[in-house]
Amino acid sequence: AWLASASGDGSIRLWDATTGALLRATQQADTRGKLHFSPTDILILASSSYDLITLWDVDSGKMIRSFAGCFFAVFSPDGRTIATPRSADYRDLLLVNAETGALRLRLVGHESFVSSASFSVDDGSKLASGSM
């Protein structure tokens with residue numbers, strides 16, 4: 001079992017959840033936000049307050065790609081789509097292709113900034129989002 005942490009120096013650290021041993025750390029990456037493992041546990045999705053989403057390979061600790069996003073992002077259950085807020089005032093929710101970073105869909109309509117999103121766990125065909 002693994003545990004991932006976003007450290008104050010901007011790195012991501014991967015720990016052995018049983019022993020507490022540090023397994024690996026990324027280079028400084030400005031990942032002072034939230035982390036999520038992909039459904040297959042081979043990628044870590046890191047969001048930051050710098051309008052940047054990064055995908056990291058768990059085995060190598062190397063960044064695979066980055067794209068515009070916001071302070072949170074979540075994987076769909078199949079790992080193929082990422083949801084993240086984005087726009088001048090963060091009222092839009094973007095659905096992004098996890099493999100390429102290409103925009104799939106922009107969802108508009110929130111009256112204030114989007115603060116949460118979650119895909120349905122069955123097949124990911126539903127998406128709930130909230131704003132404050």
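**A strand pair and its surroundings**

Author: Trp15 stands opposite Leu22, a residue of β3. This is a predicted model, in which local features need pLDDT of at least 70 and side-chain atom pairs count only at pLDDT 80 or more, while totals for chains, interfaces and linings use all residues. Residues are numbered from 1 along each chain as its sequence is written, and side-chain values use heavy atoms, with hydrogens and water left out.

β2 and β3 run antiparallel and are joined by 3 bridges. Strands here are DSSP runs (E, at least two residues), numbered from the N terminus, and two of them pair if DSSP finds at least two bridges between them. The open sheet to which they belong has 3 strands in the order β1-β2-β3, paired in the antiparallel sense. Its edges are β1 (2-6) and β3, each pairing on one side only. On average, neighbouring strands of this sheet are turned by 20° against each other, direction ignored; the axes are lines fitted to C-alpha atoms, and angles run from 0 to 180 degrees between N-to-C directions.

The largest cavity has a volume of about 70 Å³, taken as the space filled by probe spheres set on grid points joined across faces, edges and corners. Its lining, the residues with an atom within 4 Å of a point, consists of Ile12, Arg13, Leu14, Arg24, Ala25, Thr26, Ile44, Trp56, Asp57, Val58 and Gly61. Two or more of these residues come from each of β2 (12-16), β3 (22-25) and β6 (52-57), and β2 gives the most, with 3 residues. By class, the lining divides into 6 nonpolar, 2 polar and 3 charged residues (nonpolar: Ala, Val, Leu, Ile, Met, Phe, Trp, Tyr, Cys and Pro; charged: Asp, Glu, Lys and Arg; polar: the others, Gly among them).

β6 leads on to another sheet. This open sheet of 4 strands is ordered β4-β5-β6-β7, with antiparallel pairing. β4 (35-37) and β7 (63-68) are its edge strands, each pairing on one side only, and the twist averages 20° from one strand to the next. Between β4 and β5 (residues 43-47) the antiparallel pairing extends over 3 bridges, and Leu35 has Ala46 of β5 as its bridge partner.

Side-chain contacts complete the account. There are 2 salt bridges, each requiring a side-chain nitrogen of Lys or Arg within 4 Å of a carboxyl oxygen of Asp or Glu. One joins Asp92 and Arg106 at 3.0 Å, N to O. It links distant parts of the chain, 14 residues apart: Asp92 lies in the loop between β9 (81-85) and β10 (93-97), and Arg106 in β11 (residues 103-107). Asp92 counts as buried, at 13% relative accessibility, whereas Arg106, at 41%, is partly exposed; buried means under 20% relative accessible area, exposed over 50%, and partly exposed in between (1.4 Å probe, protein chains only). Asp122 forms a salt bridge with Lys126, with the closest N and O atoms 3.9 Å apart. Asp122 counts as exposed at 56%, and Lys126 is partly exposed at 48%.

Notes. On a 1 Å grid over the protein atoms alone, a cavity is a set of points where a 1.4 Å probe fits but cannot get out, and a pocket is an open set with protein on both sides within 12 Å along at least five of seven lines; lining residues have an atom within 4 Å of a point.
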